[in-house]
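Consider the chain below with its strands, helices and aromatic rings in mind. The paragraphs that follow take these up in that order.

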Amino acid sequence: MKSISLVVVALLLGVASGEILNKGWWKNAVFYQVYPRSFMDSNGDGIGDLKGITDKLSYFQETGITAIWLSPINVSPMVDNGYDISDFRNIDPQFGTLDDLKNLIQKAKSLRVKVVLDLVPNHTSDKHDWFQLSQNRTKNYEDYYIWNDGKKIGNVTVPPNNWLSVFNSSAWTFHEGRNQYYFHQFYKPQPDLNYRNEAVQKEMKDIIEYWLDIGFDGFRIDAVPHLFEGDITKDEPTATDIPPDAVVGRDHVTLNHTLTKDQPETYELIKSWRKIVDDYANKRNQTEKVILTEAYTSWPNTLNYYNSGSNVPFNFKFITDADAKSSPAHFKEIIDNWMSGKPKDGIANWVMGNHDRVRVATRYPGREDHMIMLEMILPGIAVTYYGEEIGMEDNNHFNFTEFRDPCRTPFQWDSSKNAGFSTGNKTWLPVNPNYVTVNLEEQKKSNESHYKLYTELIKLRKSDVLMNGNLQTVVLNNDVLAVIRKTNKNAVTLLMNFNQNSSVSVNLNDLVYQEQPEIKLKSVGSNLNQTSIELSKLQVPAGAAIVLLTTNSAASIGISIFSFLPLLLHFYRS
């Protein structure tokens, strides 16, 4: 009886002490960015909503998605499509209600699909209660934002420094009511929060815990490099490499942002948020919460987030540092730099598109499959922007006022009215006219399609060689990039032909195993029909990408011999 009591006590102590469960669930994940306004409209008003996403959750399960990340759904005046939040704790009515969100999360969990929230901590809307109180100098809220008297030049009051907004022009706006300037890294109605104020840090801590209580599995944190600023009395230096069409004193690119980005305190703040989510999961015996960080910054600054609490410091290098004109050698350099630069225990990630950038199918015309195949074959995490899996392109067939709108148009579900996105007479942004042929329903029926390739890649990612194999990148005959993943048993090799005009013969004899070569996957339209494969002169069609599987039978023989050793030893000793 005493021993049973001790076991019970031990179990109770174990529960009481807490434990973070399912650590590392995100390490080989496919994260899928849902842009709620454009994913699925459930009520015919032309705007996507939470019920629409809920109705389509089975799509993520059948596709093989690990987790969805919801772009902002908070209450917002929509100056910046939800990235200007006026209430961090509620849902904008155009998307639905808090109950709709809870239903979405509950159903997602039943389907084993995790849900991540877009957290926008750098700034608020100028309609937020905090800003309204701060502009009136209300006690306790006076320093929630970054205010400054400016400086006098003669009889004229001007901003305190030369800092510029990411969206160009001065980052300072004069507020008549308070008779001071306020700082905004982005649009004027998006005043920056003052994280040097501990009360603001406490507010964001409470908001993080609030959404964890709702059931989110983690956060994608927006605009991380901008969280802190340096000495307001100082100007930023002029950039050394200014584009010819940029205007000095107006355009953000004309300054070297030594004071408005990448301040040391930023990394400490992310560490504190890491502690919040870890403590939360630990105390409640919950699955590990993931943190993904958005940071358009230098290699060293981006990689430093690995050591500051971010599981996934987004790797935008195939967006910012490469394009359709890039060579295989440049692609190899990007891959090798990330893999060698990250901490040994850091997990790589690969991002090919998002809501702020031209779609991958438009940036790399005719090579969208190459880019998706690349991110799926490389080690670590793949991040998909909605529609990439079916080859959606930017819609440039309408007069848009927001420069990012072409990459944000509605998801193309089928060839019916509004691409099956909405039953309404008008959608918030026009559907791309190519939806008649480029849509999910059509690609599911087709023998060969972007979507079918995408789902097969996700299945392949679950193999031991892609989860645990080492990585080698090689440029062959100047035109072909080989990305080789290998264990002692198998090899998976991605071959990308950058030559759009000619097929290229490559010799793989010294790079991969020789047995059972099989072309497992190929880019759409590659016209590859090889039945016999000669690894010494494998032809990669012009502009094509293929995935080759090979086997090392010697490893299997070795394993078989070792499995018989105990039996042989038994007979020898007897």
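In strand E10, Tyr182 is the bridge partner of Thr173. This is a predicted model, in which local features need pLDDT of at least 70 and side-chain atom pairs count only at pLDDT 80 or more, while totals for chains, interfaces and linings use all residues. Residues are numbered from 1 along each chain as its sequence is written, and side-chain values use heavy atoms, with hydrogens and water left out.

E10 covers residues 180-183 and pairs with E9 in the antiparallel sense over four bridges. Strands (E, at least two residues) and helices (H or I, at least four) are DSSP runs numbered from the N terminus, and two strands pair if DSSP finds at least two bridges between them. The open sheet here has three strands in the order E6-E10-E9, with antiparallel pairing. Strands E6 (147-148) and E9 (172-175) each have a single partner strand and stand at the edges, so one side of each is left without a neighbour in the sheet.

The next element is a helix pair. Two packed helices are described by the angle between their axes and the distance between the axes. For helix H7 (residues 198-214) and helix H8 (residues 264-284), the axes come within 11 Å and cross at roughly 35°. Axes are lines fitted to C-alpha atoms, for helices over the stretch in contact, and angles run from 0 to 180 degrees between N-to-C directions. H7 passes H8 in a right-handed crossing, that is, the near helix is turned clockwise from the far one by less than a right angle. Contact (heavy atoms within 4.5 Å) involves residues including Met204 and Ile208 of H7 and Trp273 and Tyr280 of H8.

Aromatic rings come last. Rings of Phe, Tyr and Trp (its six-membered ring) pair if their centres lie within 6.5 Å; planes under 30 degrees apart count as stacked, over 60 as edge-to-face and the rest as tilted. By this rule the count is 41 aromatic pairs. The ring centres of Trp25 and Phe31 are 6.0 Å apart and the planes stand at 50°, so the pair is tilted. Ring pairs link Tyr59 and Phe60 into a cluster with Tyr32, Phe39, Phe411, Trp413 and Tyr451.

Trp25 also has the charged end of Lys114 over its ring, 5.0 Å from the centre. A charge sits over a ring if NZ of Lys or CZ of Arg is within 6 Å of the ring centre and within 35 degrees of the ring normal. Arg89 lies over the face of Tyr210, at 5.8 Å from the ring centre.
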